[in-house]
Amino acid sequence: MEVVTSDVGSGVDPRVLAEGLVSRLRTQGFGPGETLAVTLPNGPELGMTFVPLHPRLTPSEVDERMRLASVSGALAADGSVIRRRPSQEPTAISPTIILFTSGTAGGARAIALGEVGLLAVVDSHHAALGYPPGTRILGCLPWTHAFGFTLEFLMGLLKGARLHSVPPDAFVDGITRHRPELLFGVPRLVSAVPDAVLSSLAGGIVGGAPIRGSLRVRLERTRLRVGYGQTECSPGATLGRPGEWEHDDFLGRPVGCEIALGSPDEEGGRELRVRGSNVALGSLEGGILKPVVGPDGWLATGDLALPTADGGFVFQGRSDERFKLNNGRMVNPVPLELPYEDRVLLIGAGQSMVQPLVRGDIPLDFSLPVPHRAPRRMPESFWAACTTASGKVSRRRAEQLFASS
């Protein structure tokens with residue numbers, strides 16, 4: 001196994017760090033069956049965490065996530081370990097790690113993942129990517145989130161990659177410095193990378209948010225591929241082929257699991273469903289593990305999709321992002337926003353008309369096939385406040401901010 005390195009930590013064999021950390025935790029009373037929260041930046045130390053929490057979370061956010069995960073204690077960046085509650089007996093199901101959803105549809109949820117699901121995603125995605133030991137990978141994804149933890153960090157660790165993790169604002173400069181062969185990123189960061197650099201990469205995955213418009217066209221000239229999944233999928237469920245970017249909002253095809261579309265609902269939408277060993281053990285609320293799958297074993301993702309002729313899927317929005325006007329008309333905003341390449345966001349739940357919010361200049365050819373108010377241009381500070389760590393713009397946050405502005 002190659003040493004995994006990071007710009008925020010020295011290149012130390014993770015096994016040595018793991019042995020030392022486990023020994024130290026045992027001397028302080030932590031043992032099997034307990035849950036430890038860890039607030040550390042990306043680096044070798046993160047490999048031994050149970051509940052990785054992003055260092056930039058506010059104290060109240062940290063407390064809430066610790067409550068959801070029912071943690072026994074916390075390891076801080078200075079090396080101190082704090083016991084939060086008495087030791088308890090091991091339970092029948094002990095998750096390998098607890099990760100949190102991005103919370104785009106509301107509050108973040110604690111998802112319990114087991115080693116079977118994590119390794120299933122690592123193996124299925126590595127078989128598709130096929131990179132050999134020693135492959136250079138540059139990343140800036142937070143390892144506290146599923147995409148970064150499983151597909152950047154864990155797969156790189158287990159498959160012998162040479163992984164360099166840099167802060168997001170150093171990502172473009174880091175490409176020149178480290179000359180990676182593979183790249184894992186969200187659309188917002190990948191869009192800032194020059195075309196010449198993107199086309200020089202041997203491969204990688206772009207995911208975490210829909211890819212459309214000019215970025216999709218740029219990616220057609222690369223060997224990067226789309227990836228889709230959720231934290232509940234450990235997080236991988238689909239992949240596209242290298243350079244396959246013919247459709248806006250393309251999700252790829254099933255990899256290592258089954259994918260099916262549910263029956264059309266009353267609005268004609270079909271929900272994407274996932275079944276396989278990649279699916280999480282459950283979600284946690286105060287230490288209680290609740291299944292994320294139905295009795296039939298299928299995970300209902302909440303994402304709407306359409307099938308392609310060759311076995312793939314195209315994203316059609318979230319079922320919980322559709323909203324109803326006060327006259328009862330249901331609006332699915334994603335297909336209506338698609339022509340404007342992420343420059344327009346539609347809100348208007350419970351209102352008489354749709355309210356278009358615009359980033360940058362208002363498109364000269366703007367039109368909607370639904371009753372709508374005049375478009376409102378919103379400042380960059382508004383969009384920054386609505387954007388999650390994965391690069392998605394949260395419609396719920398936008399509605400709240402707009403209502404209070």
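Here, a residue counts as buried when its relative accessible area is under 20%. The views below come from a predicted model.

**View 1. Phe149 and Phe153 pair up in helix α4.** With 3% relative accessibility, Phe153 falls under the 20% cut-off, so it counts as buried. Phe149 comes out at 6% and is buried too. Their rings make a tilted aromatic pair, with 5.7 Å from centre to centre and 45 degrees between the planes.

**View 2. Tyr340 and Phe366 bring two loops together.** This is another tilted pair, at 5.2 Å centre to centre and 40 degrees between the planes. Tyr340 belongs to the loop between α9 (333–337) and β22, while Phe366 belongs to the loop between β23 and β24, 26 residues apart. Tyr340 is buried at 8% relative accessibility, and Phe366 is buried at 16%. Across the whole structure there are 4 aromatic pairs.

**View 3. Strands β22, β23 and β24 make an open sheet.** The order is β22-β23-β24, and the pairing is mixed. β22 (344–347) and β24 (376–378) are the edge strands with a single partner each, so one side of each has no neighbour in the sheet. On average, neighbouring strands are turned by 35 degrees against each other, ignoring direction.

**View 4. A look at β22 and what lies across it.** β22 and β23 (residues 355–359) run antiparallel and are joined by 4 bridges. Val344 sits opposite Val358 in β23. Helix α11 (residues 395–404) lies across β22, β23 and β24, at about 75 degrees to β22.

How values were computed. Residues numbered from 1 in each chain as written. Predicted model: local features only at pLDDT ≥ 70, side-chain atom pairs only at ≥ 80, totals over all residues. Heavy atoms only, no water. Pairing = 2+ DSSP bridges. Axes fitted to C-alpha atoms, helices over the stretch in contact; angles between N-to-C directions. Contact = heavy atoms within 4.5 Å. Phe/Tyr/Trp six-rings, centres within 6.5 Å; stacked < 30°, edge-to-face > 60°. Buried < 20%, exposed > 50% of the residue type's maximum accessible area, 1.4 Å probe, protein only.
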